[in-house]
Amino acid sequence: MIFRRRARMLRWLVCGRLGPVWMWKALLLFVAIGFAGQLLGVIFNKSVQSAGRSIFSSPDAQGPSLGSCQPHTHIMFLKTHKTASSTVLNMLYRFGDERDLRFALPLGYQLGYPLPFNAHRVKGYRGPRAVEFHIMGNHMRFNKAETEKVMPADTFYFSIIRDPVALAESSFAYYKEVAPAFRKAKSLGDFADDPKKYYDPRLRNNHYARNLLWFDFGMDHNANFSVALAQRAEAMIRRTFKLILVSEYFDQSMILLRHALCWPLDAVVSFSLNARQQKPSVIGGMSGSWVGKAAAAAGVGARVVRSQAKTLTNVTEEQREKLRQWNALDWHLYKSFNRTFWEEINRFGHSQMEQEVALLRMRREDLARVCLRDGGKPVESHRIRDKNIRPYQSGLVKILGYELQLGLDNATRTACLKMIRPEIQYKDVLDAKQFPRALPAQPQPGQQNQGLMVAAGGSLLRQDSSRTGERLVGGEAGGRTVEEGERDWDGSRLMRRNLTLLRGQEKGR
């Protein structure tokens, strides 16, 4: 009886004073749901952040130990043409960007090329050694004396070369509408049969058609070949450049570069940039993507390169030999430094090289899986949704790019974006970081902002009266025009005009 009376009193207190029981049940339910939501959110955020940290901050990012050496931060890279040099430059951009190093950037997009380099072509240059520059790597025609005015005495110089026959095939496709010698020829084979029929050394941009490596190293590419001349030039290059990489063995080159610069593994892991769209070759079904390059570097390189050149351009073995003779100065450099390259690998150790190349390729695949859509397959420029990372188009072939994976956290997306950002856009990012400017006043309605122009797939470039007025190219001429009926990634029809707006020539030039 006493217990019943107390129970009724308790129900009265709860219901009358504190509210009905159902209200408390509902309140407890909402509290439980809210707590569970917060708990799940914390767990999800931690998992995403840990995934981002694990891919870019894991021990795998450092690679095998390099001992007690200190990373080189004074670096000069001679960016030769059509040698995978854009991919190498991206590595330098990333390394310097992440460490706030100062770049010797051009006033425009090239350091005065094709004229011999002059120190005053560097933005912010104030006289010999007046400003400390850490990294130089944009296209130039090498001039040692002028370069030494810009870069510190302890600078590490390196470059990259390529088989002249493969280089000629790539140059013909990329500079077909730039070099008069290529423009007149129906095909590369036609040009190879009788180069002198098409080549005039007096015409602008014909340097793309003969001994292009020799020209980029700052020498007379029209000189008659002699063993003595070739050996003197080779000795000069060896005195200046500590390392010459070989494009056909790109992954091995990256391992040698990593050890020479004392850099972490991730600094030399890359995705192939500025790559052309190619049809699969007959042997092995490989293209010019980084996957194909990796396979070439694995030991079947000569066969793959030979197959690609024959399949893509229908160049016969006899025509290949004619191209070697036409580019005899380049052929001498390639043979000499290719031999030196393998001597370096012998000293490094073949077993260790195989192990480190395997780690590099594994790391590249891991990053591609995290960063890139469709397993890292390159796509045509107009299919890339983010117009700011569309690669610049030039010549008769399509230059491919990449799409970022969806749903990346901010840190991971930023790191991935740096790996696929095309050269021109990345240069603009670094320029803006190094030389910040006040935002311009908003133009009045009906007025056009003459200071900005669209270039390189949609990014904004500022026209500067101090710039050289050079036209954007891997050389100096028009980009690829949109094919009839071609559509953007969203299905909209593209205008029949250049995908990239080119910088106009200065009057009277």
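What share of the 509 residues of the chain counts as buried? In this predicted model, the buried fraction is 52%. The accessible surface of the chain amounts to about 25300 Å², and carbon and sulfur atoms account for 55% of that area. The chain holds 17 helices and 8 strands. When contacts between residues at least 6 apart in sequence are considered, 74% of them join residues at least 24 apart.

Four of the strands, in the order E2-E1-E3-E4, make up an open sheet with parallel pairing. Its edges are strand E2 (135-136) and strand E4 (243-246), each of which pairs on one side only. In general, the strands of a sheet pair through backbone hydrogen bonds, in either a parallel or an antiparallel sense. Strand E1 (residues 75-78) is joined to E2 by 2 bridges in the parallel sense, and Ile-75 is placed opposite Ile-135 of E2.

Ile-135 also features in the surroundings of Arg-102. Arg-102 is located in the loop that runs between helix H3 (85-98) and E2. Although 33 residues separate Arg-102 from Ile-135 along the chain, their C-alpha atoms are 6.6 Å apart. With residues up to four places away in sequence not counted, Arg-102 touches Val-131, Glu-132, Phe-133, His-134 and Ile-135, and also Gln-434 and Phe-435. Arg-102 is classed as partly exposed because its relative accessible area is 29%, a value between the limits of 20% for buried and 50% for exposed.

Gln-434, one of the residues touched by Arg-102, belongs to helix H17 (residues 423-434). This helix has 12 residues and spans 16 Å from its first C-alpha to its last, close to the 16 Å expected at 1.5 Å a residue. Buried positions in H17 are Ile-424, Gln-425, Tyr-426, Lys-427, Asp-428, Leu-430, Asp-431 and Gln-434.

Beyond its neighbours within four places in sequence, Arg-421 is in contact with Asn-90, Leu-273, Tyr-426 and Val-429. Arg-421 is buried but has no salt bridge. The nearest side chain of opposite charge is that of Asp-97, at a distance of 5.2 Å, whereas a salt bridge is counted within 4 Å.

Terms used. Residues are numbered from 1 along each chain as its sequence is written. This is a predicted model: local features need pLDDT of at least 70, side-chain atom pairs count only at pLDDT 80 or more; totals for chains, interfaces and linings use all residues. Side-chain values use heavy atoms; hydrogens and water are left out. The expected span of a helix is 1.5 Å times one less than its number of residues. Buried means under 20% relative accessible area, exposed over 50%, partly exposed in between (1.4 Å probe, protein chains only). Lys and Arg count as positive and Asp and Glu as negative; His and the chain ends are not counted. Contact means heavy atoms within 4.5 Å. Accessible areas come from the Shrake-Rupley method with a 1.4 Å probe; for residues, only the protein chains shown count as cover. Two strands pair if DSSP finds at least two bridges between them.
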